[in-house]
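This report describes selected aromatic, ligand-shell and accessibility features of the entry shown below.

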Amino acid sequence: MSENTLLRLEDLKLHFQTTKGVVQAVDGVNFSLGYNEAVVVLGESGCGKSSLAKAILRLLPRNVASYSGKVFLNGTDIMAYDDEEFRRNVRWVMMSLVPQAAMNSLNPVLKVGDQVAEPLMTHHGIKKEEALQTARTMFQHVGVPEAFLDRYAFELSGGMRQRVAIAMALVTSPALVVLDEPTSALDVLTQANIFNVLKRLKHELETSFILITHDIATSSELADRVAVMYAGQIVEVGDAKSFFTAPLHPYSKKLMASVPRLRGDQEPEFITGSPPSLLNLPTGCRFRDRCPAAFGRCSEEPPVTVIDQRLVKCWLFN
Amino acid sequence: MASSENNILLKVEDLKMHFPIYKGLIRRQVGAVHAVDGISFDVMRGETLGLVGESGCGKSTTGRAILQLYKPTAGKIVFDGTNLVSLKSEDMRLMRRKMQMIFQDPYASLNPRMTVGEIVGEPLLVHNIASGREVDEQVAHLLEIVKLNPSFSTRYPHEFSGGQRQRIGIARSLALHPSFIVCDEPISALDVSIQAQVVNLLEELQEQFNLTYLFIAHDLSMVRHISNRIAVMYLGVIVELADRDTLYEKPLHPYSQALLSAVPIPDPFAESKHKRTILQGDVPSPVNPPSGCRFRTRCPIAESVCAESRPEFRELNPGHFVACHFADRFL
Ligand SMILES: Nc1ncnc2c1ncn2[C@@H]1O[C@H](COP(=O)(O)OP(=O)(O)OP(=O)(O)O)[C@@H](O)[C@H]1O
Ligand SMILES: Nc1ncnc2c1ncn2[C@@H]1O[C@H](COP(=O)(O)OP(=O)(O)O)[C@@H](O)[C@H]1O
Ligand code: SF4
Ligand code: SF4
Ligand SMILES: [Mg+2]
Ligand SMILES: [Mg+2]
């Protein structure tokens, strides 16, 4: 494994049991992330992005049908840890999560300062005074006025609440923060401010980020690398510059073309149809029935091809 | 200018919507949220007027006040020559057929206990337009118009994706053959690829049925693709209004400039890097808005006069309105 790999996923799977059958939400995901690197995971809703976040952080719902694969953190396979070891050494310690809609799930009856300090007290046994002091520093990092430590969530705007949620994920100084749709519900100015905060944190605290989103334009601000997820799998991974300039996979191309432009006359296109049900996945390429380039071979599962350090799972490149 | 007056479908004049704030046991009024605080604009027949601005600036309140879902604190709303504010409730009920709304949240805005057929057909029953089999036929037709399978009518909203639910909402809003629709962030809760689908559908319907839209959004890129003209709102007032290309290419108000510069571009490496001036701080409270110009607490070029007098909403170029003491600088 390369020296500067912080996290590496190998064939990670997370399936859920439902009354209708097994939902293959994460179905064999491979990718890696370096130190102080930001990887953006793009994809339409329902393709398994939030489930991937849960699988990485082992935040599992009750109805798990199967959970397998390897997750290497600093070279150690943390899938081999039992739950107690995972809690003690990994979650909130080495990596933390800002869940989807985090800003709406802050505790309404606790002061936001106390909420940010809490992970330090519960996971590191730090005394309240000291924890609050660290929370204060975190507030500065994310750009929330210190006076807000004593306020309640309902007294804060959406953008401020989202910053508090980010502060909470950062307070234990994890090496990796996973952010699930951190700005999707916010307006452009608030989004831009949050992204500035993330860029600064990456620089100041050398944190690595996995940023999960369907908001392509905003994510391009922070991304070092991009991974595209479709129907439970990663179909393309590559450096951000090459990806945004010329995406390879037909799905990635369609996604890029669907983004409306601020300038120019290009009309946004849409992708006909919707992602397949994760309950009964088609054989062969999962994008086949929506793919404009599909041909005979696509009825077999496409292999992953490496082109200039970019990975793409499509027959066109084989 | 009789002909251009004729082209105006909706005229909003000095509209104000203040929500009282009460305190204490005897519910004494202690103040008011100045959600909309004196706005004027026209909407032309067949056009789409975009209304953009940060969260909480009063966009939805404007839309709701126009449809008389709120009783405005002051101002006139003249629709097709009739001032809605002074209408009696029965007359307003008839008028409401012509004015509909599509809501932001396709998950919350459809009653989960009603079938799709009941949801889409309800306005027909409420307004006594059809009954029995006629309703079923019209529902099937409406579902076809929004490109949904008519057989969906017996199913429930939770069985559908966000994009499909939004189409159900659109089908319902078309039931009474309206001429005007307020679209309140109809795509904000959807994925990019589905957003384009819904916007394309709205454009097709507009052409087919000669609809006029007030399109509320905070996404300036998508709004550009659907709007003919765009109004920018800040803290209860409209600060700039212009045709689409003028606004995007030559915004005159410092707030519009900041808003546009904050829009991210999807391929920053391909397009030339544009300079981003990102406004700091939050929108001040609409309970005690700043004196003079509302934007002065965040404006990069504010001067002392900005605290003293409220800038007039003036027409600096034909059809280009702006409320800033110093907008001439950017001409
Ligand atoms: N019924 C109400 N009672 C009191 N205050 C209200 C009411 N409705 C809205 N407001 C306040 O009026 C202001 C404008 O709200 P509005 O919902 O119109 O904003 P908006 O521009 O649509 O925002 P968003 O982009 O978040 O939808 C806000 O400060 C809001 O809290
Ligand atoms: N606990 C669960 N039980 C059953 N199905 C689930 C569960 N969590 C997610 N899913 C399903 O897994 C699929 C992927 O969901 P999710 O990971 O939330 O996608 P995304 O974040 O990309 O929108 C969806 O079909 C969703 O309904
Ligand atoms: S493998 Fe075939 S169907 Fe799949 S993306 Fe490539 S060309 Fe399209
Ligand atoms: S009137 Fe003054 S504060 Fe307001 S936008 Fe113009 S320069 Fe800025
Ligand atoms: Mg999700
Ligand atoms: Mg609103």
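In which helix is the place of B:Val126? B:Val126 belongs to helix H4 of chain B, residues 116–126; helices (H or I, at least four residues) and strands (E, at least two) are DSSP runs numbered from the N terminus. This is a predicted model, in which local features need pLDDT of at least 70, side-chain atom pairs count only at pLDDT 80 or more, and totals for chains, interfaces and linings use all residues. Residues are numbered from 1 along each chain as its sequence is written, chains are lettered from A and ligands numbered from 1 in the order in which they are written, and side-chain values use heavy atoms, with hydrogens and water left out.

B:Val126 counts as partly exposed because its relative accessibility is 47%; buried means under 20% relative accessible area, exposed over 50%, and partly exposed in between (1.4 Å probe, protein chains only). Between B:Val126 and B:Leu220 there are 36 Å from C-alpha to C-alpha, and the two are 94 residues apart in sequence.

**Aromatic pairs**

Over all chains, a search of the whole structure finds twelve aromatic pairs. Rings of Phe, Tyr and Trp (its six-membered ring) pair if their centres lie within 6.5 Å; planes under 30 degrees apart count as stacked, over 60 as edge-to-face and the rest as tilted. B:Phe19 and B:Tyr70 are edge-to-face because their planes stand at 80°, with ring centres 5.1 Å apart. This pair links distant parts of the chain, 51 residues apart: B:Phe19 is in strand S1 (residues 8–23) of chain B, and B:Tyr70 is in the loop between helix H2 (59–66) and strand S4 (74–79). B:Phe19 is partly exposed at 25% relative accessibility, and B:Tyr70 is partly exposed at 26%.

B:Tyr234 and B:Phe295 also form an edge-to-face pair, 5.0 Å centre to centre with 80° between the planes. B:Tyr234 lies in strand S9 (residues 229–234) of chain B and B:Phe295 in the loop between helix H10 (254–261) and helix H11 (305–308), 61 residues apart. Both B:Tyr234 and B:Phe295 are buried. In chain A, ring pairs join A:Tyr230, A:Tyr251 and A:Phe287 into a cluster.

Charged ends also sit over rings: A:Arg151 over A:Phe148, 4.2 Å from the ring centre, and B:Arg329 over B:Phe326, 4.7 Å from the ring centre. The criterion is NZ of Lys or CZ of Arg within 6 Å of the ring centre and within 35 degrees of the ring normal.

**Ligand shells**

A residue is near a molecule if one of its heavy atoms lies within 4 Å of it. The residues around ligand 3 include A:His249, A:Cys285, A:Phe287, A:Arg288, A:Cys291 and A:Trp315. The ligand 3 shell divides into ten nonpolar residues, one polar and one charged; Ala, Val, Leu, Ile, Met, Phe, Trp, Tyr, Cys and Pro count as nonpolar, Asp, Glu, Lys and Arg as charged, and the others, Gly among them, as polar.

Ligand 2 has 15 residues around it, of which A:Gly46, A:Lys49, A:Ser50, A:Ser51 and A:Asn63 come nearest. The shell holds six nonpolar, seven polar and two charged residues. H1(A) gives the most to this shell, with three residues.

| Residue | Distance |
|---|---|
| A:Cys47 | 3.3 Å |
| A:Lys49 | 2.7 Å |
| A:Ser50 | 2.7 Å |

The protein covers 70% of the 560 Å² of accessible area that ligand 2 has on its own, by the Shrake-Rupley method with a 1.4 Å probe.

Conventions
Polar contact = N/O pair within 3.5 Å; in protein donor to acceptor, adjacent residues only side chain to side chain.
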